[in-house]
Amino acid sequence: QHLRRIKKGYTNVTSHCRKNPKGKEKILYASNLRYLFQKLAKKYSKLSAIKGFKGFHEYDSIIQFWVNYWKENGLLPKDFDPLLLKAIISVESSFRPQTITKSPNSTAAGLMQVTNSILRCLRGDPNRNGYIEIKKHQIDLAYEDLLDPLLNIAAGARWLAHKTRTARSTGTVPKDHPKKLFRAIKFYHSWDKAGEDYAKKVFKRFFESKK
């Protein structure tokens, strides 16, 4: 089941969203993601505000829903704190959902600054060598979907979940930081020193914002 756009909002339908000629398993399109949130989201308590940012609690339910959803599918660690995802959003976009990077070398967009290359990986497109990076729990979104907070956070959380499983053991991890998550957040940004600095910034905001 999924949500189909109509003149005044959306309606629930039970049918294929789109042909699936490759026979892939469990591909989630924008309409499926909206349907999941509409049907399965519960009433969540507010997350703490990120230090330096007042409020932005309108995203708390979306963050918690997708963190829980990917946990239930065995893709995020069971002890992953949704506030950490909120800290990532604060660093990536300062909670501005319409943010599109001005960098000529990037296509990052939305709350979690998801790129075109990430979208290709999430939907299971092979790279130039024929390698498919994500083979299960794929998401197929258009670039314009990234400006929708619900869809952007779904994709960003799925990509972070992928990084928790694949990030390599490179560089140093500060004391008292969870090694696996630190490396995942580092690789969410980049593999180099800039990625380490990024992860440190995310964790600094996370630790400062925890009640």
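Q: What does "buried" mean here?
A: A residue is buried under 20% relative accessible area, exposed over 50%, and partly exposed in between (1.4 Å probe, protein chains only). This is a predicted model, in which local features need pLDDT of at least 70 and side-chain atom pairs count only at pLDDT 80 or more, while totals for chains, interfaces and linings use all residues. Residues are numbered from 1 along each chain as its sequence is written, and side-chain values use heavy atoms, with hydrogens and water left out.

Q: What percentage of the residues in the protein is buried, then?
A: Of the 211 residues in the protein, 50% are buried.

Q: And what does the secondary structure come to?
A: The protein has seven helices and four strands. Both are DSSP runs numbered from the N terminus: helices are H or I with at least four residues, and strands are E with at least two. Along the sequence the pattern is β-β-β-α-α-α-α-β-α-α-α.

Q: What share of the contacts join residues at least 24 apart?
A: Taking contacts between residues at least 6 apart in sequence, 58% join residues at least 24 apart. A contact means heavy atoms within 4.5 Å.

Q: Which residues touch the most other members of the largest nonpolar core?
A: They are Trp66, Trp70, Leu85, Ile88, Ile153 and Ile185, in a core of 58 residues. A nonpolar core is a set of buried Ala, Val, Leu, Ile, Met, Phe, Trp, Tyr and Cys residues joined through side-chain atoms within 4.5 Å.

Q: Which elements give two or more residues to this core?
A: Helix 1, helix 2 (60-72), helix 3 (82-93), helix 4 (116-122), helix 5, helix 6 (179-189) and helix 7 do. Helix 5 gives the most, with nine residues.

Q: What is Leu85 in contact with?
A: Neighbours within four places in sequence aside, Leu85 contacts Ile63, Val67, Phe80, Met112, Ile153, Ala157 and Leu160. Ile153 and Leu85 are both among the core residues that touch the most other members.

Q: Now helix 1 and helix 5: at what angle do they cross?
A: The axes of helix 1 (residues 30-40) and helix 5 (residues 149-166) cross at roughly 95° and come within 10 Å. That makes helix 1 roughly perpendicular to helix 5. Axes are lines fitted to C-alpha atoms, for helices over the stretch in contact, and angles run from 0 to 180 degrees between N-to-C directions. Under 35 degrees counts as roughly parallel, over 145 as roughly antiparallel, 65 to 115 as roughly perpendicular, and the rest as oblique.

Q: Which residues make the contact?
A: Helix 1 contributes Ala30, Leu33, Arg34 and Phe37, and helix 5 contributes Leu150, Leu151 and Ala154. By class, this contact has six nonpolar residues, no polar residues and one charged residue. Here Ala, Val, Leu, Ile, Met, Phe, Trp, Tyr, Cys and Pro count as nonpolar, Asp, Glu, Lys and Arg as charged, and the others, Gly among them, as polar.

Q: What about Ser31: buried or exposed?
A: Ser31, which lies in helix 1, is buried, with a relative accessible area of 12%.

Q: Why is helix 6 largely enclosed by the rest of the structure?
A: Helix 6 is largely enclosed because eight of its 11 residues are buried. These are Leu181, Phe182, Arg183, Ala184, Ile185, Lys186, Phe187 and Tyr188. Helix 3, helix 5 and helix 7 are among what covers them.

Q: Changing topic, what does Ser209 touch?
A: Residues up to four places away in sequence are not counted, and Ser209 touches Ser48, Ala49, Ile50, Lys51 and Leu83. Ser209 lies in helix 7 (residues 193-209) and counts as buried at 7% relative accessibility. A polar atom of the Ser209 side chain is 2.8 Å from the backbone nitrogen of Lys51.

Q: Where does Thr99 lie?
A: Thr99 is in the loop between helix 3 and helix 4, and at 18% relative accessible area it is buried. The side chain of Thr99 reaches the backbone oxygen of Arg96 at 2.9 Å. Among the residues that Thr99 touches is Gln113.

Q: What is phi of Gln113 near?
A: Phi of Gln113 is near 50°, a positive value in a residue other than glycine. Gln113 lies in the loop between helix 3 and helix 4 and is buried, at 11% relative accessible area.

Conventions. Polar contact = N/O pair within 3.5 Å; in protein donor to acceptor, adjacent residues only side chain to side chain.
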